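Please find below some notes for a colleague who is meeting this structure for the first time.

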Amino acid sequence: MACREHDHRRCLELSRRISAYLDGELDASERRAVEEHLAACLACACCAATLKRTVELCRRAAPQPLPEPFARRLDGLLARLLAAPRVPKSRPRRG
Amino acid sequence: MKTERTPPAPAAVDDDDALVRRILAGERELFRVLVERYAPRLYTFGRRMCRNEPDAEDLVQETLLSAFRHLPEFRFESKFKNWLFRIAVNACRKKHRRARLAAEEELALEDLDRRLADEAARPGAVPLWARLPLERLLSEELSAQVREAIGSLPEKYRVVLLLRDIEGFSTEETARLLRLTPVNVKVRLHRARLFLRERLKGVLEHGLQGA
Ligand SMILES: [Zn+2]
């Protein structure tokens, strides 16, 4: 297949930069080198595609909503906090 | 909440810095807006860092209390969100210090490299789960599996992945937040993603066979 004639050490070297590539953190010449390799190497192209998809899935993993009882407790805590005359730590001494 | 006299106009206090300035100038009630804005995100972060509900709730509570107490020390040098997450990360570390003494887990780079070398030796087509439109893949069940996979990452990798890929902090911001070098952040993030990819590959290649 596409990779038959090429050197796998180059793939390993490249694989360490795939995340930076996906994040747009490589400079122009590094990016070009990665893109040229990806166009010629099925294994690395596959690695990049699955890694990209992994990141997308992480980003879309649903957030966990606050449990209702906790939201109520937090609300109570906040009410007490805001009702306190001053932030306790910096309360000046009377006198 | 029902008897609140001056409900804050969200449009007027959209920006965190402006909100913090008003709170510090005496409109303390506006702290509620910050809580509404950040409690859910802190909780999601906490659930993934602490792996259980009560610890995640503690984390949110401690972080918000500490932020309220220390708000006068906020210097507007970083974004408020970064400052808040720094408090959360510290609270989390305090909580886990005892547990972490057991073993600082590592992700073996050799393992990941060996898998990559295997792949390079037997290249195949890009699998269906990486080709399908993302929307067709998403489901509640998959979300749960992704969360579980994230939960199985060693903590020092997990925190980097959460801050970078879920909370959207930049490499530099994450480095400052965790007191790591940017290079270190990149290395940990990459390993975390490779590790997750392995886990998800297993799940998705099975799950999609019938699709
Ligand atoms: Zn390659």
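1. Cys11(A) is buried, at 4% relative accessibility, where buried means under 20% relative accessible area, exposed over 50% and partly exposed in between, with a 1.4 Å probe and protein chains only. This is a predicted model, in which local features need pLDDT of at least 70 and side-chain atom pairs count only at pLDDT 80 or more, while totals for chains, interfaces and linings use all residues. Residues are numbered from 1 along each chain as its sequence is written, chains are lettered from A and ligands numbered from 1 in the order in which they are written, and side-chain values use heavy atoms, with hydrogens and water left out.

2. Cys11(A) is one of the residues that coordinate the zinc ion, through SG, together with His37(A) through NE2 and Cys41(A) and Cys44(A) through SG, at 2.1 to 2.4 Å. Donors here are N, O and S atoms within 2.8 Å of the metal (3.2 Å for Na, K and Ca), and sites may look incomplete because water is not among the atoms. Along the chain, the donors of the zinc ion follow the spacing C-x25-H-x3-C-x2-C. Cys11(A) lies in helix α1 (residues 8–15) of chain A and His37(A) in helix α3 (residues 28–40) of chain A, so this pair ties together parts that are 26 residues apart in sequence. Helices (H or I, at least four residues) and strands (E, at least two) are DSSP runs, numbered from the N terminus. His37(A) also counts as buried, because its relative accessibility is 9%.

3. What arrangement do the four donor atoms around the zinc ion make? It is tetrahedral, because the angles that they subtend run from 94 to 116°; four donors count as tetrahedral if all angles lie between 85 and 135 degrees, four count as square planar and six as octahedral if opposite donors are over 155 degrees apart and all others between 65 and 115, and anything else is irregular.

4. Chain A has five helices and zero strands. Of its 95 residues, 38% count as buried. Among the contacts in chain A with a separation of 6 or more, residues 24 or more positions apart account for 54%, a contact being heavy atoms within 4.5 Å.

5. Chain B is divided into domain 1 (10–98) and domain 2 (103–210), with bounds that come from an automatic or database domain assignment. The contact between them takes 14 residues from domain 1 of chain B and 17 residues from domain 2 of chain B. About 1600 Å² is buried between the two domains of chain B, and carbon and sulfur atoms give 51% of that area; buried area is the accessible area (1.4 Å probe) that two parts lose on being put together, summed over both.

6. Pro127(B) is found in the loop between α5 (109–121) and α6 (128–131) of chain B, and it is buried, with a relative accessible area of 15%. Leaving aside neighbours within four places in sequence, Pro127(B) is in contact with Cys46(A), Thr50(A) and Glu205(B).

7. Phe76(B), in the loop between α3 (53–70) and α4 (80–102) of chain B, has a positive phi near 60° although it is not glycine, and it is partly exposed, at 24% relative accessibility. Arg179(B), in the loop between α10 (171–178) and α11 (182–207) of chain B, has a positive phi of about 55° and is not a glycine either; Arg179(B) is exposed, with a relative accessible area of 62%.
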